[in-house]
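Please read them with the coordinates open.

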Amino acid sequence: MPIRSGTWVSSNYSKYGTSIEETNGMFCYGEMRFEGPETTIEYHVVSYDEEKKHACISLRQAEILEELANDEKLRNTESGIKPSEEILEVMPIFHPEFGRFMLEATPGAPFNLTWKDLLSVERNMKLRRVIAKQHMAATEAPITLPSFPMLGTKGVFTHPPCTADGSKSRSQFLPDEVINPHIRFPTLAANIRSRRGKKVAINMPVFYDDNTPRPFNDPTVDYDRHLYPEDDDVRNGAAKEGHIYMDAMGFGMGCCCLQITFQAKNIVEARTLYDQLCPLGPIMLALTAASPIFKGFLADVDVRWNVISQAVDDRTDEERGLKPLKNNRFVIPKSRYDSVSTYISQDPRLRPEYNDLDLVIDKDIKKRLMDNGMDEHLATHFAHLFIRDPLVIFQETLDESPADGSDHFENIQSTNWQHMRFKPPPPGGKIGWRVEFRVMEIQMTDYENAAFAIFIVLLTRAILSYGLNFYIPISKVDENMATAHHRDAVLTEKFWFRKNLFPPRKPTNGTGTPAPSRPASPGPVEKEYCLMTIDEIMNGSTDEFVGLIPLIESYLNTVNVDVVTRCELAGYLSLVSKRASGGLQTGASWIREFVRSHPDYKKDSAVSQSINYDLIKVIEKLGNGEGLLDEKLCGRLLGRARP
């Protein structure tokens, strides 16, 4: 299967890799259109029992999507072909997700490259939330939160109630009913477990409060269950001391996130954005932290990333290096869901020292790609992705020719969930080269989500306009990803970051004319980066590092932006700046403080049903705008109240 996937890449690479021209602000290859970014929002659907004061996840995804599909106005949406001036009239599109309690919403058309469209991002997000709510039951609501706090707790956390005894996940905690019933999703869960040879083992460190038992041994684990052979996992040490233990794909793929997809003008620009945004991933993960609760316990981490990484880790004991290779081909250092492992651009600034991991690749696939004209960096990237087995194959596509579609390629590509994704043009469409920034946590309000989306968009414009260079060794990006998980990392930790972002100035002969000279030899890579706080990275430091937000402001000074637009953009940038400096709390810090100050909290790390009910109610209130005028409620989260 990887060879067949590689055949599609090699046969289509030359078709889309060259001869792309720019036309009137839109970028075209034949009939392809290259437009602005697309923001993907994911929701949890919650259901309230007002009598019992419970907030559960609703398993009515299919019914809600059917209601949305039957909406005449939504059904007539012509995604992606209406002009940008009508962006607010283009209805959003709703999609199913892995969790039966989740919805995904995208704009009806990608945003264009105008300031008007950029400022419509928040309004479009609000529109999506309103439409979703209109198609739900009166007791239901959409919320934007990375992880539902009570997912997998002992007791009732789903509506309707279900029992955790299903054969697909074989989880002690999650019933199979929480999985979208489309055959792809339960098959994914079953195949990950089957390929691994045991259930996934997710362990998040518990937050030790005053009355938390020491040592902490997850009290929800049933060591005496004997329904399936995998029940032996916990008796063999799968649940770690001092950790919250989870055992199913749904704990990870049941998380929501904020994803931004950029359409580039050509493959060169797409590869540049992929590389330059890669070191930003861990920084933005820490800055958007909003996941301090898992399975009803406060965790000593603030983000969801490692939960998802462990939730889809299908590597066998041999591939994890726990046993000698016998039945498998490779020892693979990372899960399928992890940080990027190699840069891909042909940028001359990409020094070999930056790709410093001992990368595992399929050498046969790399050779085949290079024999068909692909350069080494990109061939290495795909040869690394294709060390994985496909997780789901539909029988009707087994004999499909690579020339007929990209299903086999996407079987590998779409189940390598790295923090950046490089997306070739799909066959037969009008979509060009895209880059997906996947790392950010979803925020509780549309204002926050819009602020971080707009920040990333403006940063990409500054990168391309100034030729900025964010390269650091990939191993340091991995270190930063680990650091980003720490509690309050945005304030207490330092991250590796490049010291000088600008291209070197050409020497002059005193008259302003560049003087002829040999290119300067690059110095040691270790001199190019240092440890910085996120405040320094975002807002600059007293020494020579300018900061990303001042860079964006400098870029805005060079383009034609009217005063009203500039003021609105300043509000979004201010939120990001204050999150970085500690002037405003991250979502994780705000949620942790809410729980610890709740009158029912016993300082034992446990989040009760009553605490969860009050928390979800407040999050819904913030999300729909009702709580934004309450300075006491959201002052430390958002700053000045938003109408």
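The numbered points below go from the whole chain to single residues.

1. Overall. The model is predicted. The protein chain has 643 residues, and 60% of them are buried. Its secondary structure comes to 23 helices and 19 strands. Of the contacts between residues at least 6 apart in sequence, 75% join residues at least 24 apart.

2. Strand β17. This strand covers residues 434-437. Arg434 and Glu436 point one way from β17, while Val435 and Phe437 point the other way. Every one of these four residues is buried, the charged pair Arg434 and Glu436 included. Please look at that pair when checking the side chains.

3. Neighbours of β17. Strand β11 (residues 258-263) runs antiparallel to β17 and is joined to it by four bridges. Here isoleucine 260 has phenylalanine 437 as its bridge partner. Strand β16 (residues 420-423) is also antiparallel to β17, again with four bridges. In that pairing phenylalanine 422 stands opposite valine 435.

4. Helices α5 and α15. Two packed helices are described by the angle between their axes and the distance between the axes. For α5 (residues 121-134) and α15 (residues 446-466) the angle is about 140° and the axes are 9 Å apart. An angle over 145 degrees would count as roughly antiparallel, so this pair is classed as oblique. The crossing of α5 past α15 is right-handed. From α5 the contact uses Val121, Glu122, Met125, Lys126 and Arg129, and from α15 it uses Asp446, Tyr447, Asn449, Ala450 and Ala453. By class, this contact has five nonpolar, one polar and four charged residues.

5. Helices α21 and α22. What angle do α21 and α22 make, and how far apart are their axes? Helix α21 (residues 587-596) packs on α22 (residues 609-623) at about 140°, with the axes 10 Å apart. The two helices are therefore oblique to each other, and α21 passes α22 in a right-handed crossing. Trp590, Ile591, Phe594 and Val595 of α21 meet Ile611, Asp614, Leu615, Val618 and Leu622 of α22. The contact of α21 with α22 has eight nonpolar residues, one charged residue and no polar ones.

6. Backbone exceptions. Most residues other than glycine have a negative phi, and most peptide bonds are trans. The bond from histidine 159 to proline 160 is cis, with omega near 0°; proline 160 lies in the loop between β8 (158-159) and α6 (184-196). The bond from arginine 214 to proline 215 is likewise cis, with omega near 0°, and proline 215 lies in the loop between β9 (202-205) and α7 (232-235).

7. Positive phi. Lysine 53 has a phi near 60° and is found in the loop between β3 (38-49) and β4 (54-58). Its relative accessibility is 42%, so lysine 53 counts as partly exposed. Serine 605 has a positive phi of about 75°.

8. Leucine 531. This residue is found in strand β19 (residues 529-532) and counts as partly exposed, because its relative accessibility is 40%. Leaving out residues up to four places away in sequence, leucine 531 touches Lys494, Phe495 and Trp496. Leucine 531 and asparagine 480 are 51 residues apart in sequence, and their C-alpha atoms are 10.0 Å apart.

Note on methods: Residues numbered from 1 in each chain as written. Predicted model: local features only at pLDDT ≥ 70, side-chain atom pairs only at ≥ 80, totals over all residues. Heavy atoms only, no water. Buried < 20%, exposed > 50% of the residue type's maximum accessible area, 1.4 Å probe, protein only. Pairing = 2+ DSSP bridges. Axes fitted to C-alpha atoms, helices over the stretch in contact; angles between N-to-C directions. Parallel < 35°, antiparallel > 145°, perpendicular 65-115°, else oblique. Left-handed = near helix turned anticlockwise from the far one by under 90°. Contact = heavy atoms within 4.5 Å.
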